[in-house]
Amino acid sequence: MSQKLTCVGKRITQKDVLLKATGEARYVPDVRLPGMLWGKVLHSPYPHAKIKKIDKSKAEKLPGVAAVITVEDAPKILWARSFRDMPMAPSGALQRADEYILADKARYVGDPVAAIAAVDEKTAEEALELIEVDYEQLPFVLDPFEAIKPGAPLVHDYAKNNMAVHLTPPPFLVKGDVEKGFAESDVVVEEKFFVSKQVACQMETQSCVASVDSSGKITCYSPCQLAHPFRRELGKMFNVPVGKINVINPFVGGSFGCRLSCHNEPICVLLSMKTHKPVKLVYSKEEDFISIDTRTPHYYTVKMGFKKDGTLNAMNLDVTTWAGGYLSRAQLAGGITLIWGLGHYRCPNMNGSCDVIYTNTTVAGAGRGFGNPAIMWGVEEVVDMAAEKLGMNPVELRLKNTKQTGEMANMGLPIESSYIDDCIREGARAIGWDEKRGKNKGGNGTLKRGVGMATMTHCSGAWPLLIEHSNAFIKFNEDGTADLTVNPGSPGTHIWGTLSQIAAEGLGIPVEDIYIVTGETDKTMFDLGSHASRSTYVTGNAVLEAARLAKKQLLERAGKILSESPDDLDVRDRQIYVKSNPEKKTSVANVCSQAIYNLKGDSMNISGKSSWCSHYNSIPTAAYFAEVEVDTETGEVKILNFVTAVDCGKAINPMTVEGQCEGGVQQGVGYGLTEDYVINKNTGAVESNNFTSYKMPGTMDMPETTKTIIIDKPDPKGPFGAKGVGEPGLVGVAPAIGNAIHDAVGVWMKDLPATPEKILKALMEKSPQQD
Amino acid sequence: MFRTLKPFGYFEPKTIEEAIGALSVHGAKAKVLAGGVDLVPRLRKRQAHPEYMINIQQIEELDGIIKETAEGLRIGALASLRSIELSPLVKKNYFVLHEAIHSIASIQVKTQGTAVGNLCVATPASDVAPALLVLDAKFRIVGPSGEKTVPAENFYLGVGQTVLQPNEIITEILLPKPQAKTGGAFLKLVRTAADIAKVNAAATLTMADGACKEARIAVGSVATTVLRVKKAEGVLKEQKLDLKVIETAARAAAEEVKPISDLRSTAEYRKETTRVLVKRALEKALERAKA
Amino acid sequence: MKKEIINLTVNGTLHEISVEPQVTLNEVLREQLDLTGTKLSCGAGECGACTVLIDGKPELSCCTLAMTANGKDILTIEGLARDGELHPLQKAFVECGAIQCGFCTPGMLLTSKALLDENPDPTREEVKSYLSGNLCRCTGYVKIVDAVLAAATEMNKGGK
Ligand SMILES: Cc1cc2nc3c(=O)[nH]c(=O)nc-3n(C[C@H](O)[C@H](O)[C@H](O)COP(=O)(O)OP(=O)(O)OC[C@H]3O[C@@H](n4cnc5c(N)ncnc54)[C@H](O)[C@@H]3O)c2cc1C
Ligand code: FES
Ligand code: FES
């Protein structure tokens, strides 16, 4: 790509960020509609219970209460919080619809069983304590291995032995003969791992404001970042035409996976239907912890066999996915671990399996990185274990096995571009690998130091596993500015800024002249939504195509004015000029206004519209390097330095890429070291239900230095060469830390989070001679 | 689960007498409110159900003044954790208290929360309490029958329980003058920096003629209350302090504690790291006593 | 419960407000004064999203009964810019990429303001330490700390 870029590649702040600095940005909890009521949800205190009877009379009598609803009031139709209409390839199977808006039977502590609308929040909360539910407690099962035993309590009648689904890798990841492959390997490592139920911890709690007017029109303010699929689901749920529903995404206070589902929105809509008034429903942070989707946890075994020279010869993954009381995206989150894990390195013999098992626990769904952080924790630890056995430098061992451009990528398509080797080399240099690895450099007394690394490949959208469909519309205004209409939600990823930069570059006008129209399904065309690191890549390509079409129209009009062929014209600095004679020009504004206000009878609003479907998938790659200091007397880990080297194609906005990676480090440090979702074994209750019991890293827990290296080499398929980068930031953080801990003190951590308790125990079990 | 608080009556006494009067009338139904950092979230979580809230912040006789007296240092009941942390007097003469409060992460919590409030919550994980135990603090308490002074050591009865009656309030924290050649240190283990302790330890050592004249060690989060580990202290007394003696004392401390396993840590880990923290705190205190 | 009248000066304007005693300052700001820039996340003192400056000091509006703020001077995010001119901290947050979803931002900005009022020339470590009660899930804090340091530099240049 030899063209000179004027806007792509620049550190530009997305326009609306200003409103977040002044407090003007309104999030769902800040929305207030005239005559609005407040909603409140009653959650089951039991992990498994039949709801025999709900007496709502006392609550209804409380002055100010407008409605109390239970499963009796809800449509008798099963729905899927992660949306039925998302077809999954290759079978085209849909997400399973397995829940009612309010529970018929409580399947986890936190399952919504009733809801209230009242004049204010205080009254709604007071009424909550007046609802009398007659529960018949049922035997429950929390652990997936207990759940599949014959005779275990059944979470859903349809799922025998609580097995929601048994999955095998897609055909392109079942290769050769695994047993033979292991037999012919010189070093075989097999280890068991557990990755925890990380909570999104988005700062804005789950909220909804819904309004159903007399015509039946539903307006739903929601943070759900799959606005169009969500609208379709709402339509099916309430048997309402999709055109009668407007899903509005105002500002969204973080997602990290949890906004891929809808949660209390259907309840809020139902309350509004019953009361004929707008209703606002805002969860407390505790409700968030117990009742919105967490990252999906898994137990798994990684087995990898290597030849003496380090060539990966065989690999097998057996995954047990610990789903909650409803399936949400746990099925995909489970299945896709096989794709990430088996698809990362070149390997002639491989196979795997994944069982997805219902339990009476909080629903597990999507989490940033979607299964990739989970499986790469184990895979990258096993690679380091093998390196130790082979006597090889882990950097060299990885370089030996990374896939290159043209080879088959994780999703079964050819790799469009991969600069993973550059990531590994540049990251290693930045952390000081050669000087530090295995040398306890700077360690002192009980404080031992080490460095470790990990790698990953991810995706830009989920094609060909999911449809990848986005739309963009660009229209020029009279003054030469342009409106860009798109609809990926923006939970803080600055996607609107990125798309504006793509549009500006494509149109040849300054980014200040691009105005985003977004956030409402009424105003926008279909977009699958923000997930799977897809928006820059898929919506971005849609925007680029729309820009190409709009620019074509613009130059055609300009050609008439300048009496030149459109092919000889181009746009720069708000001017359209003749390429061979730049002095001959007219302004974009002039062309646009003449096109709109025009007495010749050929008025037009210059515009471009594109429906984009990806038929390829460019993979971002990355390498992560951690330098840690471990206190051998307390097991505490301090992260000194962290380096992420990321190959996300051309960085449309390096500041945004850094931001995504730095944020990923925070989440990865939490995943690796501190975040632990604790469920009481006797009651099924969530004990880690606030920020005091569930610890995510704060300012002081972050590495002393965090560096992001952007390889910045364009991909042939992405818009201006960009690939996705929303999720990669987090994927390899925990394993890089885990491997650094081993370098420092010689113990392998296998279960997340790797707490000081576990590290100290491992150190004490390790025989002293090994020191 | 909740976001709003349940209704209660509110009273802003202007004198201690009025406050005690109100508390005496309402008994256990009333609650003293200081900074509210502990109490307000507990109201929201429906873990406390007072019918009356007695805000003591407007009482004219109460203040947040930190000043030197003939006996030592006096800290008013309304002194915020932050003002104590920043006090030059505290930094100079009672460094272990500064260090303890410094270990509490949130500036907002420290700005709003009082030290007395922290003590009254009576969590065994308090960082303030171990420091006050090794500084030999006393609390001035006023009730219907007048005033009394209770040593910090005798204040705690159990988790969330103290000798304080529902109709009594603490008016001051009193610290004796530090002895010459005394050094102190506070250490804490946490899950993330902004966390209450898994284990904490405070120690002061007073040296004379190269031997330990007095040793005080207090630990938190390893029993139902913060506590002095007196056997460990006994190991040090009158001894020349070398690494071996310190290690013996640290082991004794670990023997004296009765930790449990909970969300934050395991009993095993707490016992082991009590030894480590006590050892390190003693080493640091010794260094500072010598300085 | 009986309502009481309190006086709050919020962003320089005196408001006479009638509240029930259990109402928090957070609710008064958000629900009565429609100053929704002050957020509520944990409601338990753990996250700092609800931070406002009370008489210049950073406090948690979720842990403060409105009654106890009677007569006090309160600064919320809406009052940080003066006469349409952004505070240097706001400018720096916007320019340095310190804002992603923005939900922690009002609390971060006000806590940072308190820091710079107290310590106009902080070190990186001091900034981290002062912001340790403010959680952010998006940014990894790196650019937030950068922004505070950039604002301090700007203000010390006399750019105030
Ligand atoms: C996020 C967070 C983190 C924290 N981290 C730490 C930490 O790391 N280490 C640590 O030690 N603490 C920590 N704390 C606890 C904090 O220090 C206390 O909650 C705070 O100091 C309580 O003081 P307050 O003035 O706000 O008390 P309030 O909440 O007003 O009152 C607390 C209790 O004390 C009683 N009380 C208050 N004053 C008096 C008085 N004068 N006489 C009689 N009774 C009185 C009240 O009735 C109430 O029962 C943390 C708290 C939070 C919210
Ligand atoms: S909302 Fe007040 S500290 Fe979290
Ligand atoms: S920017 Fe999203 S929480 Fe901080």
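Counted by residues, the contact takes 53 from chain A and 41 from chain C. Before I go on, please keep in mind that what we are looking at is a predicted model. I begin with an area because the size of an interface is often given as the accessible area lost when the parts come together.

Let me turn to the other interface on my list, the one that chain C forms with chain B. Here about 2300 Å² is buried between chain C and chain B, with 60% of it on carbon and sulfur atoms. In chain C, the residues that lose the most area to chain B are C:Gln22, C:Cys63 and C:Leu65, which together account for 22% of what that side buries. In terms of residues, 29 of chain C are in contact with 30 of chain B.

Is C:Thr76 buried or exposed? Its relative accessibility is 0%, and since anything under 20% is called buried, C:Thr76 counts as buried. If we leave aside the neighbours within four places in sequence, the residues in contact with C:Thr76 include C:Val10, C:Asn11, C:Leu29 and C:Leu35, and also C:Thr38, C:Val52 and C:Leu110.

Now to chain A as a whole, which has 20 helices and 28 strands. How does its radius of gyration sit beside that of a compact globule? For 771 residues such a globule would have a radius near 28 Å, and chain A has 27 Å, which agrees. Taken along the principal axes, the C-alpha atoms of chain A fill a box of roughly 90 × 70 × 50 Å. Of the 771 residues, 67% count as buried, and among the contacts with a separation of 6 or more, 80% come from residues 24 or more positions apart. Chain A exposes about 25100 Å², with carbon and sulfur atoms supplying 51% of it. As for charge, chain A has 83 positive and 92 negative charges, and their mean positions lie 3 Å apart.

Chain A also has some cis peptide bonds to point out. One runs from A:Trp463 to A:Pro464, with omega near 5°, and A:Pro464 is found in the loop between strand E18 (447–457) and strand E19 (469–476). Another joins A:Leu752 and A:Pro753, where omega is about -10°, and A:Pro753 belongs to the loop between helix H19 (733–745) and helix H20 (756–765).

I will finish with chain B and its backbone angles. B:Arg46 is not a glycine, and yet its phi is positive, at about 60°; this residue lies in the loop between helix H2 (39–44) and strand E3 (52–55). B:Glu238, likewise a residue other than glycine, has a positive phi near 65°, and its place is the loop between helix H9 (230–236) and helix H10 (243–256). Which of the two labels, buried or exposed, applies to each? With 12% relative accessibility B:Arg46 counts as buried, whereas B:Glu238, at 59%, counts as exposed.

Definitions and conventions: Residues are numbered from 1 along each chain as its sequence is written. Chains are lettered from A and ligands numbered from 1 in the order in which they are written. This is a predicted model: local features need pLDDT of at least 70, side-chain atom pairs count only at pLDDT 80 or more; totals for chains, interfaces and linings use all residues. Side-chain values use heavy atoms; hydrogens and water are left out. Helices (H or I, at least four residues) and strands (E, at least two) are DSSP runs, numbered from the N terminus. The radius of gyration is taken over C-alpha atoms; the globule rule is 2.2 Å times the number of residues to the power 0.38. Buried means under 20% relative accessible area, exposed over 50%, partly exposed in between (1.4 Å probe, protein chains only). Contact means heavy atoms within 4.5 Å. Accessible areas come from the Shrake-Rupley method with a 1.4 Å probe; for residues, only the protein chains shown count as cover. Lys and Arg count as positive and Asp and Glu as negative; His and the chain ends are not counted. The place of a charge is taken as NZ of Lys, CZ of Arg, CG of Asp or CD of Glu. Buried area is the accessible area (1.4 Å probe) that two parts lose on being put together, summed over both.
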